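Thanks for coming. I will go through one chain this morning, a piece at a time, so please keep the structure open on your screens.

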Amino acid sequence: MTSSSPENTSALPAGVPTTPAGKREILFNAFDMNCVAHQSPGLWRHPDDHARDYNTLGYWTGLAQTLEKGLFDGIFIADVLGPYDVYGNSDEATLKAGTQVPTNDPILVVPPMAAVTKHLTFGVTAGTAYEHPYAFARRLATLDHLTEGRVGWNVVTGYLPSAARNFGHDDQMEHDERYNHADEYLDVVYKLLEGSWEDDAVVYDKESGVFIDPAKVHRIEHEGTYFKTPGIAFTEPSRQRTPVIYQAGASTRGRAFAGKHAEAVFINSPTDELIAGTVSKIRRAAVEAGRDPYDIRIMSMQTIVTGATDEEAQAKYQDLLQYIDVEGGLVLMSGWMGIDLSQFDLDEPLGDVESNAIQSTIETFKKASGDDGNPWTVRRIAEWCGVGGFGPVIIGSGETVAKELARIQDETDVDGFNLAYHITPGTFEDIVEYVVPALQELGRYKTEYTEGTMRHKLFGRGDHLPENHYGASFSLRNRVGS
């Protein structure tokens, strides 16, 4: 795929990150998960893949150092709490393929990565459904302390029924109720992290023997529909107090939640048209919540296969195709779509299947693939998703990829990309070697890091939630008479 270099000469919206060249900056996250097969089932079999080392410190610290060498903004770590068992109404296929199982805790790998880096930030996924916010707020604050303010929390409400069952429930809460529950969960976290301890509550006075001024620590007295938390936060304020809030829901209710809470949003759309539409809706949701449309950084999922030349990149891609696990891909697609694809023959055309989910997915794939008119079968869906999952794939030299990323940003208004791997850490090593220098040559990528916390790096206006953010209303600094 090739494109001409974007001019990017029109006036940029206020609030978007720019490079020293005066052009809009492209942000990069590495998209990973504490497991073997994240978005590309079967590619753990590739001889150059090291995903099997996911349960070692060396994998994570080495990856972090590679990303910081390439001036990546952060690493975004996904998570699930139950196996994908929609396909075949069983977890047998997902276990065989290793699709997002086994999966370790995403939070525990962050401190060692923070210890070997200075600037890289960490977005960690944690759900609101099964852990009490009082305990979670302490874990989140601890992580913010240990990273010196380089952490964000990707808020998820859960979507796998298997997780609900393993926590003792018959099923998940209804979709909109999950968000109502999450809204109150955030309220408790904000109250604990923003509204319990005053900035100078820790006096650390060795002469008087007073470590904390009790008058400057306040009970939150929360009593709501889902939670009752009367006491104080059990941690002192961290660098950011509330870590950066990430979110990934694309439904109408999810976008409203993002408009109210999110400072960064992860989207997964396989076509420019869908990316642009989702970005527009999220920015509108921010405005409806009384915020600026660019108070949210939006990162779109993207997979890159690159090399020294277009021909080398194409050869790499052809090599990857032989490792695709068709059934593993169908396991993920069944979970994402909520439809058991095992009920169809692999080579059965799906054009006449009576399912809104299948029809909309096929239409999306047609737009994304430049449909050749051949029938879409279950096998073709699995193969199309075999490298990079549901997201789009760019194949080409560093220069080709850089121009294409810049074009996508210019045409969709996305702030940057969550870069999924096909093999790891090779995908990221290639991006650092080939794509980052090409983007810098275009004037579209940073040449050095901004100092400070994750929030300051993203927005350049300090460590704490801005006053127009809903969570800031719980801050003691913003209360009248405080």
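I212 sits in strand β6, which covers residues 210-212. Keep in mind that this is a predicted model. Is I212 buried, partly exposed or exposed? Its relative accessibility is 31%, so I212 counts as partly exposed. Together with Y204 and F211, I212 makes up a nonpolar patch on the surface, and the accessible area of the three residues together is about 300 Å².

E221 is not a glycine, yet its phi is positive, about 50°. E148 is another such case: not a glycine, with a positive phi of about 55°. E148 is in the loop that runs between α4, residues 133-146, and β4. The relative accessibility of E148 is 55%, and the cut-off for exposed is over 50%, so E148 counts as exposed. As background, most residues other than glycine have a negative phi, and most peptide bonds are trans.

On the peptide bonds, two places to look at. V101 and P102 are joined by a cis peptide bond, with omega at about 0°. P102 is in the loop between α2 (92-97) and α3 (110-115). The bond from T424 to P425 is also cis, with omega near 0°. Here the loop is the one between β13 (416-420) and α14 (426-441), where P425 is placed.

Setting aside residues up to four places away in sequence, W153 touches, among others, V124, F136, L140, Y185, V189 and V244.

Last, V155, in strand β4, residues 151-156. Its relative accessible area is 4%, so V155 is buried. Beyond its neighbours within four places in sequence, V155 is in contact with A126, T128, L186, I245, Y246, Q247 and F257. A126, T128, L186, I245 and Y246 are also touched by W153. One distance to finish: V155 and A258 are 103 residues apart along the chain, and their C-alpha atoms are separated by 9.7 Å.

Definitions and conventions:
Residues are numbered from 1 along each chain as its sequence is written. This is a predicted model: local features need pLDDT of at least 70, side-chain atom pairs count only at pLDDT 80 or more; totals for chains, interfaces and linings use all residues. Side-chain values use heavy atoms; hydrogens and water are left out. Helices (H or I, at least four residues) and strands (E, at least two) are DSSP runs, numbered from the N terminus. Buried means under 20% relative accessible area, exposed over 50%, partly exposed in between (1.4 Å probe, protein chains only). Contact means heavy atoms within 4.5 Å. Patches are made of residues with over 30% relative accessible area and no salt bridge: like charges are joined within 9 Å, nonpolar side chains (Val, Leu, Ile, Met, Phe, Trp, Tyr) within 5 Å. Accessible areas come from the Shrake-Rupley method with a 1.4 Å probe; for residues, only the protein chains shown count as cover. A salt bridge is a side-chain nitrogen of Lys or Arg within 4 Å of a carboxyl oxygen of Asp or Glu.
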